[in-house]
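Subject: Structure for your review

Dear colleague,

Please find below the structure that I am handing over to you. I would ask you to keep it open while you read the notes that follow.

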Amino acid sequence: MLLSEILEWISPEDSEFEYEQWFTNTPIGNSNLLENQSSSNELAPNSQANEFPKELPILPLRGVVVYPQTAVPLTVGQPRSIKLVDDVVSGERLIGLVASKNPQIESPGPTDLYQIGTVGIIHRLFRAPDGTIRLLVQGLARFKIVEFTALEPYLKASVEYIPETEESGIEVEALARNVREQFTHIADMIPSIPRELVASVNMLENPLQTVYTIGSFQRMSLEDAQLILEYDTVSQKLRKLVNILAREIEVLELGQKIQNEARSEIEKVQREYFLREQIKAAQRELGEGDEQAAEIEEFKKRIEASGLSKEAEKQARRELDRLSKLPTAAAEYGVIRTYLDWLLSLPWSQMTEDNLDIAHARQILDRDHYGLKDVKERILEFLAVRKLRLERKDELSGEYADQIRKERESVILCFVGPPGVGKTSLGQSIAFALGRKFIRISLGGLRDEAEIRGHRRTYIGAMPGRILQTLRRVESRNPVFMMDEIDKLSFDFHGDPASALLEVLDPEQNREFVDHYLEVPFDLSQVMFITTANQLETIPAPLLDRMEVIHISGYTEKEKIAIASQYLVPRQLKENGLRLEEINFTEDSLKTIVRYYTREAGVRNLEREIGSVCRKIVTTLAEGKTPPREITKEIVEEFLGRPKYLWSEEIARRTASPGVAIGLAWTPFGGDVLFIEATAMPGSKGFQITGSVGKVMQESAQAALSYIRTNAEKLGIDPDFFQKTDLHLHIPAGSQPKDGPSAGVTITVALASLLLRKPVRCDVGMTGEITLSGQVLPVGGIKEKVLAAHRSELKTVILPKQNELDLEDVPDEVKNSMQFVFVETLDQVLHTALDHHPKQTNPKPTPRGKGKTEK
């Protein structure tokens with residue numbers, strides 16, 4: 001192979017220490033150096049090693065390794081390197097070419113260089129106008145640096161020449177052939193490699209020359225290039241080069257695959273674009289409008305017919321103008337189109353006409369729900385006011401005009417009560433009575449305010465919030481909108497959805513509700529919002545202040561039986577495939593289920609137990625047997641098993657010994673009874689309280705003990721008793737947290753019963769806060785607590801005197817079946833609870849009023 005044929009494709013475009021290989025069509029010159037290295041005149045480093053000097057000037061190289069039998073262009077720019085070249089060209093023109101370990105070092109020292117390099121001869125020199133020198137050097141033989149003999153003005157070192165170990169055989173020949181084929185494959189994938197160079201490489205027969213020639217042209221890391229130079233045997237060099245070329249082929253093939261995929265995608269987009277343009281041109285020739293123009297025209301018609309507000313219409317026309325100027329293939333086109341579709345799909349002017357017939361509304365509400373007088377009265381009031389305002393619309397608009405305080409039309413109600421009392425179904429009944437559409441969303445666990453107010457259009461996949469999404473689905477701007485479980489909103493780093501609801505549930509603001517996605521006001525003033533909750537404590541105060549709270553208490557036994565016979569039994573018969581005439585639940589059977597198989601404020605478990613009885617009957621029919629037509633108390637016990645709740649027996653058993661009193665408690669799920677137990681043991685004035693008790697209840701217990709100790713002599717208790725006794729107060733159901741001041745009376749009675757060794761009456765329940773002086777203070781939740789006492793079959797209830805008016809909320813059937821003792825001091829409480837013959841009678845009837853709601 002002629003060396004000039006290879007040198008013709010080498011470009012001297014790099015710096016002194018920096019070298020990068022690429023291929024151009026600019027020849028270096030007409031060099032006749034070693035025209036035929038296979039001839040007798042070729043340089044054989046192994047045979048001529050003795051002719052090279054033992055000391056060489058060292059030229060550090062950055063990013064390149066020069067091999068023997070190869071020619072490389074270099075550019076010299078640093079003063080010490082220029083000095084080295086000037087001194088060398090005047091002599092034998094031999095220099096030591098050693099690669100730097102770190103190409104980033106500007107002036108490598110002896111420790112920065114590899115130990116093995118190549119002795120080279122300068123064949124051509126060119127001084128550039130910028131002061132640099134361009135060299136053409138040829139590698140001759142390998143050497144190893146023994147030691148550096150000089151550092152100034154440039155590096156010099158004594159060297160030891162390393163002979164090449166040339167092998168022969170089938171393995172070496174196969175490796176060399178494989179290397180040539182791999183290089184040919186690489187050249188096919190890189191168009192810049194000339195075909196003449198590939199042909200010259202394929203003509204090489206010497207394996208060592210093949211390695212060095214391909215190594216000079218192939219891209220590889222500096223470490224790999226140095227390893228090829230350092231390996232002594234040809235087989236090692238070939239194996240290393242095979243691995244490098246194989247990896248390069250994989251990289252190039254993957255790159256080609258990526259390019260082909262990208263090219264295919266681009267061609268597909270271009271092809272679709274050209275086809276669309278051809279379709280548009282054909283449609284223009286036929287006098288037809290294109291698809292985009294038809295879509296723009298459709299949006300214009302929708303804008304005219306949608307009844308948008310002025311601001312919304314201005315925004316819609318602005319976006320439509322932008323849409324008409326964009327090509328359909330643009331990414332922004334789809335975003336604007338989706339936005340306009342959402343904007344024009346909202347019910348800006350679509351409303352249902354209210355049915356203002358008061359009698360009709362009362363009939364619907366009474367038909368769908370039993371009891372719930374407060375809620376029904378509030379809905380009828382809303383209808384009456386709305387009817388009167390419509391009749392006097394012209395008169396009121398001029399007389400009460402106010403630009404600041406605008407007319408409020410929306411109603412924001414909050415139904416608060418235990419589970420299963422019909423809060424959600426009541427919303428559906430209200431919508432039916434008003435003739436409005438009904439929609440419902442659940443707020444339980446909602447933690448992102450974007451769910452309420454939507455996402456801004458800058459985000460991919462942005463959508464309006466759930467408020468506007470639901471209104472779009474119902475296609476009306478005045479529905480009954482129920483938000484369930486508003487007391488179970490979440491608050492964390494994602495946001496505060498309760499704050500986002502402030503605007504929605506404020507009659508002063510919701511006429512201009514702005515969703516982040518639409519960015520234009522939408523009027524929510526015609527929507528009737530109804531929220532539901534089990535408790536008010538977890539609702540933020542600003543949000544609670546915007547809602548009209550209506551309390552829905554638990555049902556009495558009589559109400560549950562009526563609800564079961566009128567609503568629950570027919571529904572369960574239908575769901576289980578039974579006919580109304582096939583099964584009849586007697587009143588005693590329903591009373592048995594209510595009293596002995598459920599313990600709740602609502603009726604959900606009651607319906608489940610009725611459903612269980614119905615399924616037993618269906619199973620009997622499926623087996624070919626004749627089921628009973630009338631469901632009696634005995635059949636209920638047969639189908640449902642033994643009773644789950646035996647209140648009278650349990651209360652009598654637990655209060656048989658001194659130190660146990662029955663308290664009445666309020667919970668988010670309705671009222672409940674609470675057993676408080678006290679016991680004494682030898683010790684020294686110790687007092688502990690257990691049962692997941694909160695701080696307020698612990699303070700009530702301390703106050704009760706202080707009252708007992710202060711009045712020990714009056715109560716007939718030895719004052720020295722406390723010096724040698726520890727007291728333990730326990731409230732069972734320890735896994736449930738308990739707190740509040742209303743257990744003070746019960747704790748005092750339990751301690752007094754223990755110390756006086758007198759059991760508490762098993763038919764007495766009590767509630768009330770106490771003071772250290774022995775006064776009994778009012779508490780909240782009286783209706784729920786009294787209903788819990790009635791469910792538990794208690795006959796007497798001790799209440800604070802100041803809570804007497806709260807009994808007006810309690811149904812007459814409950815009041816007539818129980819005795820109420822109103823007390824002002826703990827002396828009265830102890831007299832009633834520990835005396836088995838109370839003298840108190842039923843309270844006198846007073847005008848009805850709303851009871852207190854706080855605990």
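For the angles reported here, axes are lines fitted to C-alpha atoms, for helices over the stretch in contact, and angles run from 0 to 180 degrees between N-to-C directions. Helices (H or I, at least four residues) and strands (E, at least two) are DSSP runs, numbered from the N terminus.

This is a predicted model, in which local features need pLDDT of at least 70 and side-chain atom pairs count only at pLDDT 80 or more, while totals for chains, interfaces and linings use all residues. Residues are numbered from 1 along each chain as its sequence is written, and side-chain values use heavy atoms, with hydrogens and water left out.

The chain as a whole

The protein chain has 30 helices and 24 strands. Of its 855 residues, 48% are buried; buried means under 20% relative accessible area, exposed over 50%, and partly exposed in between (1.4 Å probe, protein chains only). Contact means heavy atoms within 4.5 Å. Among contacts between residues at least 6 apart in sequence, 75% join residues at least 24 apart.

Two helix pairs

Helix H12 (residues 358-368) and helix H13 (residues 373-391) have axes that come within 10 Å and cross at roughly 160°. The two helices are therefore roughly antiparallel to each other, since angles under 35 degrees count as roughly parallel, over 145 as roughly antiparallel, 65 to 115 as roughly perpendicular and the rest as oblique. The crossing of H12 and H13 is right-handed; a crossing is left-handed if the near helix is turned anticlockwise from the far one by less than a right angle, and right-handed if clockwise. H12 contributes Ile358, Ala361, Arg362, Leu365 and Asp366 to the contact, and H13 contributes Lys376, Ile379, Leu380, Leu383 and Ala384. By class, the contact of H12 with H13 has seven nonpolar, no polar and three charged residues. Here Ala, Val, Leu, Ile, Met, Phe, Trp, Tyr, Cys and Pro count as nonpolar, Asp, Glu, Lys and Arg as charged, and the others, Gly among them, as polar.

Helix H4 (residues 170-189) packs with helix H6 (residues 207-217) at an angle of about 25°, their axes being 10 Å apart. H4 and H6 are therefore roughly parallel to each other, and their crossing is left-handed. On the H4 side the contact is made by Val172, Ala176, Val179, Arg180 and Phe183, and on the H6 side by Pro207, Thr210, Ile214 and Phe217. This contact of H4 with H6 has seven nonpolar, one polar and one charged residues.

Residues in loops

Ser553 lies in the loop between strand E13 (548-551) and helix H20 (557-575). With 11% relative accessibility, Ser553 counts as buried. Its side chain is joined to that of Glu784 by a polar contact of 3.0 Å; a polar contact is a pair of N or O atoms within 3.5 Å, and within protein one must be able to donate a hydrogen and the other to accept it, while residues adjacent in sequence count only if both atoms are side-chain atoms. Not counting residues up to four places away in sequence, Ser553 touches Pro418, Val421, Lys783, Glu784 and Leu787.

Gln69 has a positive phi of about 70° although it is not a glycine, and its relative accessibility of 12% counts as buried.
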